[in-house]
Amino acid sequence: MPEPEKRSDKFTWTYALWLLPFLAQDWLYWLHPQWDWWTISLIIWVLTLIAVAGSLCINLARRRWRRLVSLLIAPLLLLVLLRILAAVGITSDSVRFALTKQTYLAEIERTDLPGGEQRFRTFVWDDTFLEKTYSTLVYDESDEVALPRGEQSTAWQQRVQTSCSEKKECVDLDPGPDEYVSVRKIGEHFYILDNYLPNAFP
């Protein structure tokens with residue numbers, strides 16, 4: 001008869017559930033942006049590290065090799081799942097936008113521009129650090145924000161300057177040598193502008 005600890009040695013996908021708290025931050029952050037997500041992230045990281053290290057030690061000590069392999073490949077399983085969801089258009093950003101789109105559209109509709117000028121609005125998308133916005137939701141009725149850098153019209157640049165003077169989430173497609181900017185379309189006339197490696201880390 002096999003030993004009790006050997007009997008429980010089997011392949012399992014449940015270890016992937018241990019990593020779900022990391023995903024929950026990206027998917028739920030916008031529900032309560034006023035929370036201290038930096039501290040929450042640190043706590044989740046430490047607790048997960050302790051749980052994984054403890055499980056590794058226990059499975060090694062009990063020679064439960066199948067469970068050990070399951071634990072090691074759990075991140076890969078989760079990554080494959082995320083890739084599949086992203087391939088069909090389901091991401092944390094797309095779900096958030098689908099749930100909040102009408103709120104943004106209602107605010108945009110209240111914008112009264114003279115002479116039929118095309119509307120341009122920006123909204124904070126990632127406000128983890130209070131002194132700088134790293135991810136901005138952009139509504140650009142002209143869609144010029146998606147054009148290659150430098151091909152935007154003078155009228156578009158003026159709209160951007162006006163928006164930047166009123167709000168802190170400025171749209172800068174050429175921020176400098178230490179930063180990288182990407183623009184992703186997320187809806188009709190809606191884009192997400194991400195600012196990577198900011199050189200003004202607060």
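Which residue forms a salt bridge with Asp 194, and how far apart are the closest N and O atoms?

**View 1. The salt bridge between Asp 194 and Arg 184 in the predicted model.** Asp 194 pairs with Arg 184, and the closest N and O atoms are 2.9 Å apart. The two residues belong to distant parts of the chain: Asp 194 is in strand β4 (residues 190-196) and Arg 184 is in strand β3, 10 residues apart. Asp 194 counts as buried, with a relative accessibility of 9%.

**View 2. The salt bridge between Arg 184 and Asp 93.** Here the closest N and O atoms lie 3.1 Å apart. Arg 184 is partly exposed at 33% relative accessibility, whereas Asp 93 is buried, its relative accessible area being 17%.

**View 3. A network of salt bridges.** Asp 93, Arg 184 and Asp 194 are linked in this network. Arg 184 forms a salt bridge with Asp 93, and Asp 194 forms one with Arg 184.

**View 4. The salt bridge between Arg 121 and Glu 107.** The closest N and O atoms of this pair are 2.7 Å apart. Arg 121 is buried, with a relative accessible area of 17%, while Glu 107 is partly exposed at 28%.

**View 5. The salt bridges of the model as a set.** The count comes to 7 salt bridges, including the pair of Arg 121 and Glu 107.

How values were computed. Residues numbered from 1 in each chain as written. Predicted model: local features only at pLDDT ≥ 70, side-chain atom pairs only at ≥ 80, totals over all residues. Heavy atoms only, no water. Salt bridge = Lys/Arg side-chain N within 4 Å of Asp/Glu carboxyl O. Buried < 20%, exposed > 50% of the residue type's maximum accessible area, 1.4 Å probe, protein only. Helix = DSSP H or I, 4+ residues; strand = E, 2+ residues; numbered from the N terminus.
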